[in-house]
Amino acid sequence: MRAQTFTGETVQDAMSKVKATLGEHAVILHTKKRTQSGWLGWGKKELFEVLAAVDDEPTTVGAGVSANPPPSPGAANQSAKTRSVYSVPPPSGAIEALRSELSELTRTMQMMWERARSLDVNGLSLTALRMMERLKEHGVDAPLARDCALAAQEELLRREDEASPDDSFTTDTFQRALVAQLRQRIATSGAIEPTGKVIFLVGPTGGGKTTTIAKLAADFALLQHKKVALITADTYRIAAVEQLKVYAEIIGVPLQVATTPGEMAAAVRRYRPYDVVFVDTAGRSQRNAAQMKELAALVQAGAADEVHLVLPAPTNLRDAMDVVRCFSGVGVDRLLFTKLDETTAFGTIANVAVKASLPLSYVTHGQDVPEDIAIADACKIAELIVGGSREWSCALS
Ligand SMILES: Nc1nc2c(ncn2[C@@H]2O[C@H](COP(=O)(O)OP(=O)(O)OP(=O)(O)O)[C@@H](O)[C@H]2O)c(=O)[nH]1
Ligand SMILES: [Mg+2]
């Protein structure tokens, strides 16, 4: 093989030099345009370079035999019967056959690419994978995120059979399917029914129990015109009673302090004729077994109809589940998430609701009493998690 570079002012010029030097059978390996600079910028011109090569000992083929046959020991002796590969004109139709083979190959590769685009090894499309990642970024636990993305994808594929196929994997459509999937997994209990119920709020310290009771009491008493009474079992924190007393006075509802099971039972008896009684409790560490036992005794003595576990939304899943586990002995049957305004990772809400198999009652989203509270709405929460919305919606009444 002999290779050489030829330069000309035009490609044709360079080509004719190739032909003249290497002959008809030269193979063009590379062409390049370059600018030749002149003296002080004068006489600058464009030149074309062609790299060409020719095989000095061309491969030989027998008549009617395809190119590049395996070398045979007697090949050297066949010179009389064989001709240079370059001098053999391509058999008629060979180029056409090659072309159709190439286009077949391109089609196959396109199909494989489409397939790779729509399915990953775990059965998730790229859109589904992206959505799953988004859920995880919003704090949704990986297995739940994957479950939802997969179910949303299946839902869309089913729909695709009936509807136009081209809209099924757009981000918007997928987002809506994902919201639907999340919504299905998040249970809600709806608003408290003011039918003579005793409602306990329990939870770790500083979660927002007292503030939430003030919000609920204000709504039921002032907006729904229900008979509301408050009981507090929190005498641990300095000014805890004062805090609720101020709210009780503003709202115009009675407040009773009850720190022992006996006092609790008596207070609840006293407020029996009321439409709804809210019981505030002291913040408790879930790690303190004695405190948990004490709290359980109060809940029992108060014959609680509902026990809402108050959890700040900006809590990590591990800690939140630890709280749920430890408070389960108290008889928790609702989850109430506070401080949604302090997080962007709403996934914890779904994780805890799904893992704990408990319905969500309310969510709070600010310090203002009474407005910053809403009935938990699975659809809204799913929208918050999937992203975009920051609409709490679902006012209390
Ligand atoms: N940003 C924000 N702050 C809140 C929310 N709910 C309550 N807070 C604030 O959280 C802090 C604690 O609220 P509390 O209602 O006293 O909490 P608690 O659970 O009663 O606390 P302990 O009785 O000490 O266990 C206060 O500063 C509240 O204003 C909310 O939804 N968003
Ligand atoms: Mg409190």
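Because the model is predicted, local features need pLDDT of at least 70 and side-chain atom pairs count only at pLDDT 80 or more, while totals for chains, interfaces and linings use all residues. Residues are numbered from 1 along each chain as its sequence is written, chains are lettered from A and ligands numbered from 1 in the order in which they are written, and side-chain values use heavy atoms, leaving out hydrogens and water.

Q: What is the mean pLDDT of the chain, and over which residues is it below 50?
A: pLDDT is the predictor's confidence in each residue, from 0 to 100. The chain has a mean of 82, and 81% of its residues reach 70 or more. Over residues 59-85, however, the pLDDT is below 50, and this stretch has 18 contacts in the model beyond near neighbours in sequence. Residues 162-168 also stay under 50.

Q: What makes up the chain in helices and strands?
A: There are twelve helices and 13 strands. Both are DSSP runs, numbered from the N terminus: helices are H or I with at least four residues, strands E with at least two.

Q: Which residues is Leu 360 in contact with, leaving aside its neighbours within four places in sequence?
A: A contact means heavy atoms within 4.5 Å. Among the partners of Leu 360 are Ile 186, Leu 335, Phe 337, Ile 349 and Ile 381.

Q: What about Thr 364, buried or exposed?
A: Thr 364 also lies in strand β12. With a relative accessible area of 3%, Thr 364 falls under the cut-off and is therefore buried. Its contacts beyond four places in sequence include Thr 212, Lys 215, Phe 337 and Ile 373.

Q: How many aromatic pairs does the structure hold?
A: The structure holds two. Rings of Phe, Tyr and Trp (its six-membered ring) pair if their centres lie within 6.5 Å; planes under 30 degrees apart count as stacked, over 60 as edge-to-face and the rest as tilted.

Q: Why is the pair of Phe 220 and Phe 278 called tilted?
A: The ring centres are 6.0 Å apart and the planes stand at 45 degrees, so the pair is tilted. Phe 220 sits in helix α6 (residues 209-223) and Phe 278 in strand β9 (residues 276-280), so the pair ties together parts 58 residues apart in sequence. Both are buried.

Q: What makes the pair of Tyr 271 and Tyr 274 edge-to-face?
A: Here the centres are 5.2 Å apart and the planes at 80 degrees, so the pair is edge-to-face. Both tyrosines are buried.

Q: Which residue lies over the face of Tyr 274?
A: Lys 227 does, at 4.4 Å from the ring centre. The rule asks for NZ of Lys or CZ of Arg within 6 Å of the ring centre and within 35 degrees of the ring normal. Arg 284 likewise lies over the face of Tyr 236, at 3.9 Å.

Q: How do you know that the buried residues of α8 line one face of the helix?
A: In helix α8 (residues 261-270), Met 264, Ala 267 and Val 268 are buried. Seen down the axis, the buried residues fall within an arc of 100 degrees, so they line one face. That arc is taken from the directions from the helix axis to the C-beta atoms. On the other side, Arg 269 and Arg 270 are exposed.

Terms used:
Buried means under 20% relative accessible area, exposed over 50%, partly exposed in between (1.4 Å probe, protein chains only).
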